[in-house]
Structures are given as C-alpha cells and as structure tokens.
Amino acid sequence: MEIVGVLGGMGPIATIDLLNKIIKYTDAKKDSEHIHTLVDSNTEIPDRTAYISGYGEDPEKYLVDSALKLEAMGASFIVMPCNTAHYFYKKINESVNIPFINMIDEVAKELNSVKKVGLLATKGTYKGHIYENIFNKYGIDVKIPPIDMQEIVTELIYGVKEGKDDIDQIPIDKVLNYFSSLGIDKVILGCTELPVAFKKLKIEGEFLDPTKILALSTIRLMGKKIKELS
C-alpha cells in the first residue's frame, strides 16, 4: 500500500491547506478511496528565512529528522508544503531512501511555454534563489519585487502565520500592479501561506498555487484520479 508522508508544520495552516487540497481534488466516493497520509507537523522547526538571512538556528537537522521519521513510519514518498524549506532539499533528499518530491520542480513543470513569471515569497526564498536555481533549468526567468515590496509580502505571510483576520489588501495590490507593469501574466504564490491569504482576500488572477500543484502531483503519484470540479 502506498502512503504519502507530509513533512509539515511550516506553518501548520499551510500543512492543513495541503491536506485539504489533497482531499478536495481526489476523486473519491468513500473514505477508503482517499489517500493514506502520514503527517509530521513539527512546529518546532526553526524559521527557515531567519537562518538563510544569517541570524537564526539551522533547521536542517530538524527537517532531516522529520523526513527520517516519516520513512520509518512507512511513507512511500515525502512531500513538503513549504517553499523556503526547499533550500535544504538536497540534504533532506540524501538522508532518506524514499523519493522526496520537489515542489519547486513540480511548479516549473506546470508552466509549459511560459518563460517569465513573478514570484511572491519570503525573504529567505528570494535570498536563497530557491526558484531561480530550479527554473533556470527550464529557461524560465523569475522576477522578484523590489526590497520595499518584499516587506509587504513578508507582512502578509506572517499575518497568516499569526492568524490575523484583518488583512489589508491594498499593499499587496501594489506589488501585483508592479508585476503587471513588467508585462508579467503569471505570478507564483511562492509561500504556502499566500494561497491562504489570497483566498481570504478573494484576490483573483493568473496565480500559480504551489500547494495545489503539489496536491495534484501527490494524487497522481498515489495512482488516484483527480476530481473534475465545476
């Protein structure tokens, strides 16, 4: 029996969002047709952006421990709903003997003929060039917002982590308008809190949701059909 292992907790809301999307998009008529899932939602994993920025504890050993735990519990493969944590992908992947699906790579595969995208993400993802390092292989140019607008994205991300309900949409609209001025049609919601925020704010547009893409990849890898939603 195939079992998916979810390396989560970064943050817990983003982990739940992935699980919800796996359930939502799995074509199942009863409980037994859904996907067998193991979740390690370790909220004690140190902040990834803080470490990449040079002032926080290294989360690598925590991530590796979580991956090994999922493998020991019987996971057939691992997925990780945290964009910034993919900075540590190579070390985690080398630590286990089961496949570890790279979410960033899955997003790149979805872009097909698109050659230029905008990226909304944490400062750690920007600083670590996490998307650029993968997307360069596909010939995709990644555009990021200037420093002052990165602060806006950061506030939105950490607002979701803090459970805030009174999120102001006007600042993030400024960032989206910046991408539009560059002629960018596709924008990646490159932090797993961002799809949650955009849903709450009811922002619509040509956005790529890595959490949804990872959920669909998980369903396919588990040999399940994807539900057609109206």
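## A look around the fold

Three strands, in the order β2-β1-β3, make up an open sheet with parallel pairing. Because β2 (37-41) and β3 (77-79) sit at the edges with a single partner strand each, one side of each has no neighbour in the sheet. On average, neighbouring strands here are turned by 25° against each other, if you ignore direction. Keep in mind that this is a predicted model.

Let's zoom in on that sheet. Strand β1 (residues 4-8) runs parallel to β2, and 5 bridges join the two.

Strand β4 (residues 116-120) is mostly covered, with 4 of its 5 residues buried. On the pairing side, β4 goes with β5 (residues 141-143) in the parallel sense over 3 bridges, and K116 stands opposite D141 in β5. Strand β4 also runs parallel to β6 (residues 187-189), again through 3 bridges. In that pairing, G118 has V187 of β6 as its bridge partner.

Here are the parallel pairings side by side:

| Strand pair | Bridges |
|---|---|
| β1 and β2 | 5 bridges |
| β4 and β5 | 3 bridges |
| β4 and β6 | 3 bridges |

Stepping back to the whole protein, you'll find 11 helices and 7 strands. How does its radius of gyration sit with that of a compact globule? For 230 residues such a globule would come out near 17 Å, and the protein has 17 Å, so the two agree. The C-alpha trace spans about 50 × 45 × 40 Å along its principal axes. Of the 230 residues, 53% count as buried. The accessible surface comes to about 11,200 Å², and 49% of that belongs to carbon and sulfur atoms. As for contacts between residues at least 6 apart in sequence, 73% join residues at least 24 apart.

Terms used
Residues numbered from 1 in each chain as written. Predicted model: local features only at pLDDT ≥ 70, side-chain atom pairs only at ≥ 80, totals over all residues. Heavy atoms only, no water. Buried < 20%, exposed > 50% of the residue type's maximum accessible area, 1.4 Å probe, protein only. Pairing = 2+ DSSP bridges. Rg over C-alpha atoms; globule rule 2.2 N^0.38 Å. Contact = heavy atoms within 4.5 Å. Areas by Shrake-Rupley, 256 points an atom, 1.4 Å probe, with all protein chains shown as cover. Axes fitted to C-alpha atoms, helices over the stretch in contact; angles between N-to-C directions.
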